[in-house]
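User: I'd like to learn how to read a few features of a model. Can you walk me through them?
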Amino acid sequence: MFPTPIEKQSRGMQIGYQAFLPVALVLWLLPLLAVALFSIKPDADFANGNFWGLPSSFEAFNNYGKVFFESNMPRYLLNSLLITVPTVIGAVALSAMAGFALGVYRFKGNLLIFFMFIAGNFVPFQILMVPVRDLTVSLGMYDTIRGLVLFHIAFQTGFCTLFMRNFIRALPFPLIEAARVEGIAEWRIFWYVVLPLMKPALAALAVLIFTFIWNDYFWAVVLTQGPSAQPVTAGITEFNSQFRAAYHLMSAGSIVAALPPVAMFFLMQKHFIAGLTLGAVK
Amino acid sequence: MTTASTNTQPAERGWYKRNEIAITPWLFLLPAILFFAVYVIMPIAQSFWISFHAWDGLGEKTWVGTANYERLFGIGDQNMDRKFQISFWNNIKWLFLYLLAIPMGLFIALFLNQTVRGIRLYKSLFFFPFVISQVVVGLVFSWFYLPNDGAFDQIVGLFGIDISGGVLGNPNTATYGIIAAGLWPQTAYCMILYLTGLNAVDPEQVEAARLDGAKGWKMLWYVIVPQLKPATFIAFVVTIVGALRSFDFIAVMTNGGPFGSTRVLSFYMFEESLSEFGFRMGYGAAIAVVLFFIMLGFIVYFLWSMYQDEKGAH
């Protein structure tokens with residue numbers, strides 16, 4: 001193990017390390033702790049220049065109440081959910097199939113198609129922006145949740161296919177051959193043999209895509225406007241102009257907007273990290 | 001036409017059954033390819049096409065040849081587009097400074113790669129910034145950088161440094177302020193990659209190197225870092241892609257200002273195509289094409305590396 005395990009070092013080092021850990025963590029998360037602090041402060045603290053001190057009164061219920069009952073925030077949160085969940089289902093379904101095709105079969109153009117998905121996944125969004133917006137407008141889906149979902153599914157399929165294909169490659173191939181010898185139809189092999197083995201990959205991708213899509217801002221701004229379809233990342237700017245310079249409310253709003261992916265991460269941590277670090281170990 | 005048709009199957013087993021192995025992959029690929037072609041592949045080609053036109057996004061496109069590119073690069077008797085120039089150099093700054101996330105991530109990973117009580121929770125909490133949306137991170141940092149009241153201003157104030165207009169209000173510091181904000185989640189990402197990589201480092205090699213007297217930096221550089229190569233590759237890929245996609249932070253923190261000093265190509269393109277200055281989609285598309293070619297250099301390198309791996313695997 002590297003660096004040398006702390007248990008093998010002097011008692012002083014051990015205590016020092018244990019003591020420094022929380023300090024380092026607080027320093028690292030300082031910006032977030034500041035927002036959390038902001039969000040429970042009363043308005044008056046900011047007027048009096050008490051930005052970083054202790055709150056003069058505890059206003060969490062008040063502030064978060066305003067976010068939920070006096071702004072469009074709930075609507076934006078709902079939109080985010082309605083955009084994110086169908087995208088996750090769509091992208092995972094499409095890429096499980098594509099990954100199966102690319103991972104199991106040998107045919108001409110296999111690697112080429114695979115590389116097309118990878119390359120597409122890396123292109124800058126801006127090269128797609130004008131045509132995708134144009135297409136969405138002409139399909140009558142500008143400023144709708146559907147329009148955003150369709151694009152997200154298509155784009156995320158690139159990354160998901162890379163993931164799925166590599167995962168399927170690592171499965172024991174004799175299993176599939178055995179099924180073939182038994183005369184099982186190919187689509188049944190996919191459904192009954194491969195898919196059950198892919199559960200960890202499906203879970204990892206689902207949490208990753210959930211986070212990516214929930215946090216998307218660019219496409220939300222390009223393809224939607226206003227509270228009818230905009231997700232919370234774009235909504236927070238409108239929220240902030242409604243409560244201009246009201247730092248306590250803007251902080252509370254930001255925390256609410258950031259919370260769902262955070263909850264997802266802590267609940268599904270193992271899958272999330274397995275997904276992100278795919279390929280980091282050979 | 002296929003490998004499967006060489007089998008001598010009974011004729012009554014329909015055409016599909018006979019060609020099942022050849023056809024199935026295409027059936028499974030069809031939906032994904034269709035979606036990807038319509039929303040990713042074709043738009044790339046269309047953007048190239050649009051970049052040779054003047055277009056407001058609504059009316060007819062007017063063919064202008066390479067006029068958009070001539071204006072961008074200042075070919076002929078005009079000057080190079082100043083906004084483009086600033087954006088381009090900011091992109092270069094982003095690329096280089098963003099790469100700092102890799103050594104910083106490695107450093108934190110080494111710090112946390114211990115087995116003391118509660119270390120798992122520490123690792124998760126260090127990773128935390130990556131999970132939050134860039135919009136929120138941007139907002140948080142813009143408050144952190146507030147002139148006079150912001151924590152950053154107060155801290156540097158202790159050392160007698162006074163940045164006029166605040167970090168984000170000063171054209172000399174604004175871009176660096178935004179990059180620093182971006183480095184925060186990116187470092188967390190690199191850290192998690194390295195923590196996973198460190199987990200897989202071969203303990204026998206480390207012990208052997210230790211017996212040979214290697215330790216500290218030498219051990220890190222000659223024994224550990226080479227074994228972390230796959231993690232470093234992925235960290236490099238995601239950091240480059242992240243640097244060139246830096247849109248959210250700029251839109252939220254400075255909206256391109258002050259005096260346009262924080263624009264990057266992705267932001268400038270958006271501004272030209274969809275903003276109060278009018279919908280100049282043709283010019284915007286030309287900027288996007290330039291950005292695409294910068295990215296393409298990296299994409300080719302990534303794919304080439306992956307291709308080498310594929311060849312090695314079979």
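Analyst: B:Pro258 sits in the loop between helix 13 (248–253) and helix 14 (265–273) of chain B; helices here are DSSP runs (H or I, at least four residues; strands are E, at least two), numbered from the N terminus. This is a predicted model, where local features need pLDDT of at least 70, side-chain atom pairs count only at pLDDT 80 or more, and totals for chains, interfaces and linings use all residues. Residues are numbered from 1 along each chain as its sequence is written, while chains are lettered from A and ligands numbered from 1 in the order in which they are written.

User: What is the peptide bond from B:Gly257 to B:Pro258, cis or trans?

Analyst: Most residues other than glycine have a negative phi, and most peptide bonds are trans. The bond from B:Gly257 to B:Pro258 is cis, with omega near -10 degrees. B:Phe259 lies in the loop between helix 13 and helix 14 of chain B too, and its phi is near 55 degrees, a positive value in a residue other than glycine.

User: Is B:Phe259 buried or exposed?

Analyst: Count C-beta atoms, placed from the backbone, within 10 Å of the residue's own: 20 or more others is buried, 12 or fewer is exposed, and in between is partly exposed. B:Phe259 has 10 such neighbours, so it counts as exposed. Chain A has a positive phi to look at as well: A:Asp143, near 60 degrees, in the loop between helix 7 (126–138) and helix 8 (145–169) of chain A. A:Asp143 is partly exposed, because 15 other C-beta atoms lie within 10 Å. Across chain A, buried residues make up 47% of the 282 residues.

User: How many helices and strands does chain A have, and how spread out is the chain?

Analyst: Chain A comes to 15 helices and 0 strands. Chain A has a radius of 24 Å, well over the 19 Å that the rule gives for 282 residues, so it is more spread out than a compact globule. Its C-alpha trace spans about 75 × 65 × 30 Å along the principal axes.

User: Which domains is chain A divided into?

Analyst: Domain bounds come from an automatic or database domain assignment. Chain A has domain 1 (6–60) and domain 2 (69–276), with C-alpha centres 34 Å apart. Their contact takes 9 residues from domain 1 of chain A and 7 residues from domain 2 of chain A, where contact means C-beta atoms, placed from the backbone, within 7 Å.

User: How many residues of chain B are in contact with chain A?

Analyst: By that contact rule, 80 residues of chain B meet 76 residues of chain A. Helix 2 (residues 20–50) of chain B provides the largest share of chain B's side, 20 residues.

Methods. Contact = placed C-beta atoms within 7 Å. Rg over C-alpha atoms; globule rule 2.2 N^0.38 Å.
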